[in-house]
Amino acid sequence: MLNGLLGKKIGMTQIFTSEGTVIPVTVLQLGPCVVVQKKTKEKDGYNALQLGFEKLVKIKKVNKPMLGHFKKHNVEPLKYLKEVRVDNPDEYSEGQEVTVEIFNEGDLVDVQGISKGKGFQGVVKRYGFAGGPASHGSKFHRAPGSIGMCEFPGETPKGRKMPGRMGGEKVTVMNLEVVKVIPDKNLVLVKGAVPGHNNSIVFVRKAIKARKRA
């Protein structure tokens, strides 16, 4: 059975339970996704479905190889594609729509997205280094400090935490609880925050390693 969908992060809000408890939630618009291609173990070596999300406004932006791919499977060109493993791809047909109804309230899900890019940052912001004293007499404030050895071996070890590009990476947040599903609007509300800015693309799947509930 299919256990994941492509979608967009709409933003964050909060909802209240019947007891008056406030729950911070992220609103995700998931699907409807279209099954573009079926892959089978006999032909491709594994079972999977290729899902497409969001119709294109301008078809001319699709290159000829991709146009041929969509035409071969009788599907309108879509902006985003994602492969999802399934046990039996024959349960689905090419061109079929999959909606948020595969998720239920109380499910635990993993959300994958691209984190917000923060540009080139120092070690204090990037890794949480404490830095030196803030007083004027100190000449060591936000610098990384020593990055290597003296005479032997006289080099900077691989993996040393140093200033560099921060964010803009694939991040997966695991075991978020589905608080509410709104099928008619293709919305899923999950408890907590997910990676990425508003309107960024996310992939949501049922949790692989579900945490034990209290």
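User: What makes up the secondary structure of the protein chain, in helices and strands?

Analyst: The protein chain of this predicted model has 3 helices and 12 strands. These are DSSP runs numbered from the N terminus, helices being H or I of at least four residues and strands E of at least two. Residues are numbered from 1 along each chain as its sequence is written. Local features need pLDDT of at least 70 and side-chain atom pairs pLDDT 80 or more, whereas totals for chains, interfaces and linings use all residues; side-chain values use heavy atoms, without hydrogens or water.

User: Why does Ser-115 count as buried?

Analyst: Buried means under 20% relative accessible area (exposed is over 50%, partly exposed in between; 1.4 Å probe, protein chains only). Ser-115 has 18% relative accessibility and therefore counts as buried. Ser-115 is placed in the loop between β7 and β8 (119-121). Leaving out residues up to four places away in sequence, Ser-115 touches Gly-167, Gly-168, Glu-169, Val-171, Pro-195 and Gly-196, contact being heavy atoms within 4.5 Å. In the protein chain, 36% of the 214 residues count as buried.

User: What makes a set of residues a nonpolar core, and how many residues has the largest one?

Analyst: A nonpolar core is a set of buried Ala, Val, Leu, Ile, Met, Phe, Trp, Tyr and Cys residues joined through side-chain atoms within 4.5 Å. The largest has 28 residues, and Leu-2, Leu-5 and Leu-30 are those with the most contacts inside it. Among the elements giving two or more residues to this core are β1 (4-16), β4 (48-55) and β10 (170-182). Apart from it lies another core of 6 residues, including Ile-23 and Leu-189.

User: Which residues does Leu-2 contact beyond its neighbours within four places in sequence?

Analyst: Leu-2 is in contact with Leu-49, Leu-51, Val-84, Val-86, Tyr-92, Val-98 and Ile-102.

User: Where does Thr-40 lie, and what does Thr-40 touch?

Analyst: Thr-40 lies in the loop between β3 and α1 (41-44). Not counting residues up to four places away in sequence, Thr-40 touches Gly-45, Tyr-46, Asn-47 and Pro-89.
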